[in-house]
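Visitor: I have a few questions about the labels used here. Please set each value against its definition.

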Amino acid sequence: MARTTRQASLDAPLGRTTRRAPQPSRDRFGRFTEWIARAMGTPMFLLILSLFCVGWISWNTLMPEWLRFDSQEYGFTVLTLVLSLQASYAAPLILLAQNRQDDRDRVQIEQDRQRAERNLADTEYLAREVVALRMALTDLTGELVTRETLRQELTRVVEQLDARDAAATDDARL
């Protein structure tokens, strides 16, 4: 039995019948670099690395000659090479993780800037609306409307609306 494939229509949301295949991670290496950078910045990593070095030096100093694999006569050359190799890989991985964090910070800053612009526009709109209310009340009453007068009028309107809602609720109960 052959399977028929339906193409999803753009005018309807995906439902239960159409499922998207999970997308493989496009940035797996980036997440790996961040994991490495986070792990190398912990006290546990420093403790493990220190214990590794102490164990290496102890083994190659205290064990019988035929069990030693790194000579202390040459200043533990193999240990130096292992630590250099670890550092040569750690530095670029940490830099990659920092670059990813910089990119995320840049996006976050842009979103914050846009949000601040929207808040400013909303505040300016509300200020214009308050001025329009004052002007309308000034036209109705013929006197200059102060902040206190505007507050009193708005409070009176809110009380009227609350009373109307309470009356509607009482009517609905009967």
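Visitor: Why is Asn-60 called buried?
Guide: Buried means under 20% relative accessible area, exposed over 50%, and partly exposed in between (1.4 Å probe, protein chains only). Asn-60 has 1% relative accessibility, so Asn-60 counts as buried. The model is a predicted one: local features need pLDDT of at least 70, side-chain atom pairs count only at pLDDT 80 or more, and totals for chains, interfaces and linings use all residues. Residues are numbered from 1 along each chain as its sequence is written, and side-chain values use heavy atoms, with hydrogens and water left out.

Visitor: What is Asn-60 in contact with?
Guide: Contact means heavy atoms within 4.5 Å. Leaving aside neighbours within four places in sequence, Asn-60 touches Arg-68, Phe-69, Asp-70, Gln-72 and Phe-76. The side chain of Asn-60 also reaches the backbone nitrogen of Asp-70, at 2.9 Å. A polar contact is a pair of N or O atoms within 3.5 Å; within protein, one must be able to donate a hydrogen and the other to accept it, and residues adjacent in sequence count only if both atoms are side-chain atoms.

Visitor: Which helix holds Asn-60?
Guide: Asn-60 lies in H2. Helices (H or I, at least four residues) and strands (E, at least two) are DSSP runs, numbered from the N terminus.

Visitor: How do you know that the span of H2 agrees with its residue count?
Guide: The expected span is 1.5 Å times one less than the number of residues. For the 20 residues of H2 that gives 28 Å; the end C-alpha atoms are 28 Å apart, so the two agree.

Visitor: Which residues of H2 are buried?
Guide: Cys-53, Trp-56 and Asn-60. They cover an arc of only 60 degrees around the axis, so they sit on the same side of H2. The arc is that of the directions from the helix axis to the C-beta atoms. An α-helix has 3.6 residues a turn, so residues three or four places apart point the same way. H3 is included in what covers the buried residues of H2.

Visitor: What makes Trp-56 and Phe-69 an edge-to-face pair?
Guide: Rings of Phe, Tyr and Trp (its six-membered ring) pair if their centres lie within 6.5 Å; planes under 30 degrees apart count as stacked, over 60 as edge-to-face and the rest as tilted. This rule gives 4 aromatic pairs. For Trp-56 and Phe-69, the centres are 4.9 Å apart and the planes 85 degrees, hence edge-to-face.

Visitor: Are these two partners buried or partly exposed?
Guide: Trp-56, at 11% relative accessibility, is buried. Phe-69, at 48%, is partly exposed.
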